[in-house]
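These are my notes from a first look through a structure that was new to me. I wrote them down in the order in which I looked things up.

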Amino acid sequence: MPHFYLPASKQTPEIDFKFDENHLSMKGESYPENAGAFYGRVMEELRAYLSSGSGRNIVVDVALRYFNSASTKLVFKFVEELDTAASNEGSIRLNWLFEEEDDMLREFGENLQEDFTSLDINLQETTY
Amino acid sequence: MNAPMNDFHAMAKGHNVFFYYRGYVSQTMVEACAEALKLRLESAHINYPTQRRLLSSFIEMGQNVVHYSADSLTAADASENEVRFGVLTICREGEEGQFTLTCTNPVSQKIKDKLQGKLEVLATLSVDEIKSLYRKALRAEGEEDSKGGGIGLLTLARDSSNPIEFSFVESPDNPEHQMFTLSVTV
């Protein structure tokens, strides 16, 4: 599948899906006016990729410094989609990056670990 | 400067007003204000978790106005570039104190009834109960009339260090509207 890339804006994260390397990344802030429209496209790409093969070792980096409530729900769906696909793939590793002092994003990552046990979720502190 | 403006500024200072906007709100405006607030909080060395909660709550409130205020300059069925009326306020209790964020906007009677039920429940819950509801809501399908996945109020309640406060009063401008005010503390 061709490389899917959306540059970051102030309200939307950079989306960098290098499908041929099995490496997907989302990075930046997310509070668009219409989160459904933005993530609709992203999810479409993700679903097409996940159904295009199997047995792959996939690495996903999510480094969202801030996301609003509407985006939260869609980020959760994104992770859920990965979790569902995990049994079909070799492995899916999700690196969940957050600012070291950000207790809320740390907790969000910990909750993802509890909710999605088919994924290898790695919590990683970073400095923005 | 004229006398009313002087009074207004003195009153704002007396009430520790950190930010105040009354008028029509758009996504672009929310973004620009959030950016300026972020720089101001950083330069004042406010601790990161507080910065984070303040900006998150400000954006959530601003977007609530843009999505749900009953007074709109744009078409009722628009989903982009909406412009709606509201008041956004941030006050700080003294130089080192907590921040209180408040938003006010008109809503219809029908929305009032819906919000009131939800908020009355939220205002009585403990932090753990709010977090548990929040996790449940993440898994639930979005509500039909919600543009935010139905977790906006839960997000505000989760980030607030005091129980959220709210009120509805008759709108002075429109008998069919109620002025809805919501307040959180970070």
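This is a predicted model: local features need pLDDT of at least 70, side-chain atom pairs count only at pLDDT 80 or more; totals for chains, interfaces and linings use all residues.

I looked up the strand order in chain B and found an open sheet of 5 strands, ordered 1-2-3-5-4, with antiparallel pairing. At the edges stand strand 1 (17–26) and strand 4 (165–170) of chain B, and each has a single partner strand, so one side of each is left without a neighbour in the sheet. Direction ignored, neighbouring strands of this sheet are turned by 15° against each other on average.

Entry on one strand pair. I then followed strand 2 (residues 83–92) and strand 3 (residues 99–108) of chain B, which pair in the antiparallel sense over 6 bridges. Opposite B:Ile90 I found B:Leu101, which belongs to strand 3 of chain B.

Entry on the two chains. Which residues meet between the chains was my next search, and I noted that 18 residues of chain A are in contact with 22 residues of chain B. On the chain A side, helix 2 (69–85) and helix 3 (103–115) are the elements that give two or more residues, and helix 2 of chain A gives the most, with 5 residues. Sorted by class, this side of chain A has 5 nonpolar, 6 polar and 7 charged residues.

Entry on the core. The largest nonpolar core has 66 residues, and A:Leu82 and A:Leu94 have the most contacts inside it. Leaving out residues up to four places away in sequence, I listed A:Val60, A:Ile92, A:Leu94 and A:Leu119 as the residues that A:Leu82 touches.

Notes. Residues are numbered from 1 along each chain as its sequence is written. Chains are lettered from A and ligands numbered from 1 in the order in which they are written. Two residues are in contact if their C-beta atoms, placed from the backbone, lie within 7 Å. Helices (H or I, at least four residues) and strands (E, at least two) are DSSP runs, numbered from the N terminus. Ala, Val, Leu, Ile, Met, Phe, Trp, Tyr, Cys and Pro count as nonpolar, Asp, Glu, Lys and Arg as charged, and the others, Gly among them, as polar. Two strands pair if DSSP finds at least two bridges between them. Axes are lines fitted to C-alpha atoms, for helices over the stretch in contact, and angles run from 0 to 180 degrees between N-to-C directions. A nonpolar core is a set of buried Ala, Val, Leu, Ile, Met, Phe, Trp, Tyr and Cys residues joined through C-beta atoms within 7 Å. A residue is buried if 20 or more other C-beta atoms lie within 10 Å of its own, exposed if 12 or fewer, and partly exposed in between; C-beta atoms are placed from the backbone.
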